Amino acid sequence: MGKGGEQGEECGGGAGGGGGEREAPVPAFTWEEVQKHNLQADKWLVVERKVYDISQWVKRHPGGHRVISHYAGEDATDAFRAFHPDITFVRKFLKPLLIGELAPGEPSQDRDKNAQIIEDFRTLRKTAEEMNLFKASPVFFSFCLGHILVMEALAWLMVSYYGTSWSITFLLIIILATSQAQAGWLQHDFGHLSVFRKSKWNHLVHKFVIGHLKGASANWWNHRHFQHHAKPNIFKKDPDVNMMHLFVLGDTQPVEYGKKKLKFFPYNRQHEYFFFVFPPLLIPVYFHMQIFTTMFKHKYWVDLAWAFSYYIRYLITYTPFYGVIGSMCLLTFVRFLESHWFVWVTQMNHIPMEIDYEKHRDWLGAQLAATCNVEQSFFNDWFSGHLNFQIEHHLFPTMPRHNYYKIAPLVKSLCAKYDVPYEEKSLLKAFSDIVGSLKKSGELWLDAYLHK
């Protein structure tokens, strides 16, 4: 069906005055028609059975045009609720985009998804809201920020009082790398709008933490990371599984590369060269290049100013002790150590899981297929920034991390009800599974390369 007539109260129309005029019927669409509109310049999506034309608005989407485009032609209801803590406010932006709704005979979910699973998950979300699990603890996040600032101060005091011997410098690198890793987890909290009730305060403090405390870009992180959450481990949609031919992941991609006789690298040895490429180089080389390229290309001047404030502060602090070149060498070693920390923590929950092309699963199924948990302990919580609760984080990205353990039993129960695998393992097993998964994918590639 096409667009037509007045579109009712929410579509911008309404009953006429006094003459007994009736509202024109709201245009109704089938899923078949909605799914046709998933093209570069023609995008529709569905939220709570209402159909929206986002073709032009995607360029102004605060989270970036890609993340919302990934849901073109689909039901985006659960993603919409997951990413936006203030639904009432966000609906104001949707209202002018409304073009109709699903036809009365159409199911609320697309592509034969299990309606009962979807309904039960939404009930679980309401339960979490009633339990106040989306309410942040000011004490918790004050401690997180405070212990980062204490480490920064301790590092400076140490070289001020004890000099720059090799042993002191080595200890300094460890302290600064720890501070940077913990600041990375904290900026993640603000980036997901999970600390303050007002989004504007989350955005502001996010820029301070990721910019002034880490020297990176909030916009770069938002546009990249939200895609990962929207479509985790989905090729061409999740940037975190775009390995630029350096690695092959999952079970499908290695066979594709093998059949096409693609050999950019010896993928059957990728579990070995992983140690020399991914952990040491991701942050010091790839992320740094990408961050500054993005800031200049897209003219993120505010982000650039915040990032420069980090480097200025850092050079003022350590140049008197190490000189300019020595200070930059010191920072390189800090990034090198931080990169190892970041890679092992962030990849342990995803690389061993299913990595494939779009399968149009429901929200619960999509997140559980792509994520796993690591056992809870005080150390694991701190070390990973509570990303050991990766399942709960992906299901409820705006939930403050200190509440993940409270919702976890309810998530497990829901998964058990529908036989959805809920995977949890030890920290060391999670680390080893990264290497094991890369080895398995490499073997699949070699077999396809030689025999198919």
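Me: Which side chains meet in a salt bridge at 3.6 Å, N to O, with Arg313 as one of the pair?

Reply: A salt bridge is a side-chain nitrogen of Lys or Arg within 4 Å of a carboxyl oxygen of Asp or Glu. Here the side chains of Arg313 and Glu152 meet in one (3.6 Å, N to O). The pair links distant parts of the chain, with Arg313 in helix α12 and Glu152 in helix α6 (residues 138–162), 161 residues apart. Helices are DSSP runs (H or I, at least four residues), numbered from the N terminus. The model is predicted: local features need pLDDT of at least 70, side-chain atom pairs count only at pLDDT 80 or more, and totals for chains, interfaces and linings use all residues. Residues are numbered from 1 along each chain as its sequence is written, and side-chain values use heavy atoms, with hydrogens and water left out.

Me: Is Glu152 buried or exposed?

Reply: Buried means under 20% relative accessible area, exposed over 50%, and partly exposed in between (1.4 Å probe, protein chains only). Glu152 has 15%, so Glu152 is buried. Arg313, at 24%, counts as partly exposed.

Me: How many salt bridges does the structure hold?

Reply: The structure holds 27 salt bridges. One of them joins the side chains of Lys440 and Asp251 (3.6 Å, N to O). Lys440 lies in helix α17 and Asp251 in the loop between α9 (218–230) and α10, so this pair ties together parts 189 residues apart in sequence.

Me: What does α10 pack against?

Reply: Contact means heavy atoms within 4.5 Å. The buried residues of α10 pack against α17 (427–451). In α10 (residues 252–259) the buried residues are Gln253, Pro254, Val255, Tyr257 and Gly258. After α10 comes Lys261, with a positive phi near 60°.

Me: Which residues make the nonpolar surface patch?

Reply: Patches are made of residues with over 30% relative accessible area and no salt bridge; nonpolar side chains (Val, Leu, Ile, Met, Phe, Trp, Tyr) are joined within 5 Å, like charges within 9 Å. Accessible areas come from the Shrake-Rupley method with a 1.4 Å probe, and for residues only the protein chains shown count as cover. Phe170, Leu171, Ile174, Phe336 and Leu337 make a nonpolar patch of about 440 Å². Helix α7 gives the most, with 3 residues. Phe170 is in α7 and is exposed, at 57% relative accessible area.

Me: Where is Lys198 placed?

Reply: Lys198 is in the loop between α7 and α8 (199–212), and is exposed at 55%.

Key: Helices (H or I, at least four residues) and strands (E, at least two) are DSSP runs, numbered from the N terminus.
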